[in-house]
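Let's take a walk through this one together. Have the viewer open and follow along.

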Amino acid sequence: MAERFHILHVEDDDLDALNVQRCLCASDAVSGITVASDGVEALQLLRSGRLPLRNLVTLLDIRLPRMSGLEFLRELRADPHLRHLPVVVLSTSDQEEDLGTAYALNVAGYLLKPLSVERLRYCLGAFASYWSAQEMM
Amino acid sequence: MRSSRAQAGRAAGGGDGLGGLEAAAGAGVPAHGGDGEQTWRQLDEILAVISHDLRGPLSAINVAIDALGDGDLDPAMRDRYLEAMRRAIGRAERFLGDLLDVGRMEAGSFTVDPRPVPVGPLLEEAARAHERSARDGGNWVVLEIPEEVDRVLADRERLLQALHALIANALRYARGTGPITLRAERCERADGTHVRLWVCDRGPGLPHGQVERVFERPWRRRDERRTGAGLGLYIARGIAEAHGGTVSALSRPGDGARFCIELPAA
């Protein structure tokens, strides 16, 4: 069985971050969650060595101040030390342009932020189950 | 009392924004072709933005209510939830207020009531209102008010609203980069003395080509960094222009952004 994994959640809305944290912390597969409020803070965390890069999955919002989710992805994929990291988008944006750009930047999935408790639990439960079965660098 | 079709965005051409909504609602828009189709498309864009900006906080609050119903929820977590819910409700309320202001600006019924307003206390109040959010984001607000700047001719509440929009924008985009400076400046023009109120940050600055666009109608801007409808700067422009003043932005990528409201001195 694969090891437990850590989540870097890049999200500027504190209520959304709390909701996701509460759903995912219930999963045995998740070892912990670190929240960054935008792409700049997320990159600083990843480059600082304060986060273990092994068994790390980034859950990324698209609409973020300072550095958007897509800008973060471009920077991440251009960085030889970080380019391998798996990223899953969790956003309210259902615009095809965002989906296309995100997949072109090798995201491992694109989840639309659910609007109900049940749907949020289902989506994040599926996310946790999937990544708990993956082998990660 | 002054009224303005807020002159804001008028240079970009008429017939869109919330004005489009009114036209669509009242004029029996044809289902296909020509201007009717364009109006419906504009209406669709506007409703998508409104729906997004209200459904986001409402659904988050809905999920949070479920969490608060959990008897095992840690008291510290409960407090964090309640605080975050208050902020989400505040954002939704501000959004609705902004939406009404944009509607009035587009309809030409937005009014201001200019009177002499002392600049120092005005900027101090604006700074105080953002003290906490600045601290939370690793910023602080600095005031620079020279003695020669005395009073500005303005509707105090509306000018504060415009300043709040510029400061909130700076705190959002220059998070963690240090001081946000509120500076007053007196300037002489052919038509009299004016007061400039600057909001300056040391953030990443505006992306190339965005300086001219930041005050445009929000429905038209596509910006990955925009986290909401982005009505604040458009309203700031409407408020400045309703006073017979201007708002402008200066920025170079990587070198911070400076926003300026210029109004007649009192």
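**Starting from a leucine**

Skip the neighbours within four places in sequence, and Leu8(A) is in contact with Thr34(A), Ala36(A), Ala42(A), Leu45(A), Leu51(A), Leu56(A) and Thr58(A); contact here means C-beta atoms, placed from the backbone, within 7 Å of each other. This is a predicted model, where local features need pLDDT of at least 70 and side-chain atom pairs count only at pLDDT 80 or more, while totals for chains, interfaces and linings use all residues. Residues are numbered from 1 along each chain as its sequence is written, with chains lettered from A and ligands numbered from 1 in the order in which they are written.

Leu8(A) sits in strand 1 (residues 5–10) of chain A; strands are DSSP E runs of at least two residues, helices H or I runs of at least four, numbered from the N terminus. Leu8(A) counts as buried because 21 other C-beta atoms lie within 10 Å (buried takes 20 or more within 10 Å, exposed 12 or fewer, partly exposed in between, with C-beta atoms placed from the backbone). As for Ala36(A), 28 residues separate it from Leu8(A) in sequence, yet their C-alpha atoms are 7.2 Å apart.

Now hop over to helix 5 (residues 117–132) of chain A. Its buried residues are Leu120(A), Leu124(A), Phe127(A), Ala128(A) and Trp131(A). Down the helix axis they fall within an arc of 95° , so they line one face of helix 5 (the arc being that of the directions from the axis to the C-beta atoms). Turned away from that buried side are the exposed Glu118(A), Ala126(A) and Ser129(A).

Definitions and conventions
The expected span of a helix is 1.5 Å times one less than its number of residues. Two residues are in contact if their C-beta atoms, placed from the backbone, lie within 7 Å.
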